[in-house]
Amino acid sequence: MKGRQTLLLVTLLALACVAGIVGMLLAEGAWDWLFFAMAASPLAAGGMRRAAARRNAA
């Protein structure tokens, strides 16, 4: 990835995380799960990337 693409990806993940945290503070009920998933999306993306790197290295 080039620098601009990487920065765009990081920015989008950060915005999704912030939107998820704000959504969890404002919403109740079943919407909490959606907003929790949005807040956890950077962790999921990083985990999938690390797993792929380990598979390729082996």
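Which helix do the buried residues of H2 pack against? They pack against helix H1 (3-26), where contact means heavy atoms within 4.5 Å. This is a predicted model: local features need pLDDT of at least 70, side-chain atom pairs count only at pLDDT 80 or more, and totals for chains, interfaces and linings use all residues. Residues are numbered from 1 along each chain as its sequence is written, and side-chain values use heavy atoms, with hydrogens and water left out.

**Overall form**
- The protein has two helices and zero strands; these are DSSP runs (helices H or I, at least four residues; strands E, at least two), numbered from the N terminus.
- The C-alpha trace spans about 45 × 25 × 10 Å along its principal axes.
- Of the 58 residues, 10% count as buried (under 20% relative accessible area; exposed is over 50%, partly exposed in between; 1.4 Å probe, protein chains only).

**Helix H2**
- H2 covers residues 31-57, 27 residues in total.
- From first C-alpha to last, H2 reaches 39 Å, close to the 39 Å expected at 1.5 Å a residue (1.5 Å times one less than its number of residues).
- A kink of about 50° lies at alanine 40, shortly before proline 42; the bend is the angle between axes fitted to the seven residues ending there and the seven starting there.
- Phe35, Ala39 and Ser41 are the buried residues of H2.

**Glycine 23**
- Glycine 23 sits in helix H1.
- Its relative accessible area is 8%, so glycine 23 is buried.
- Glycine 23 and leucine 34 are 11 residues apart in sequence and 8.7 Å apart in space, C-alpha to C-alpha.
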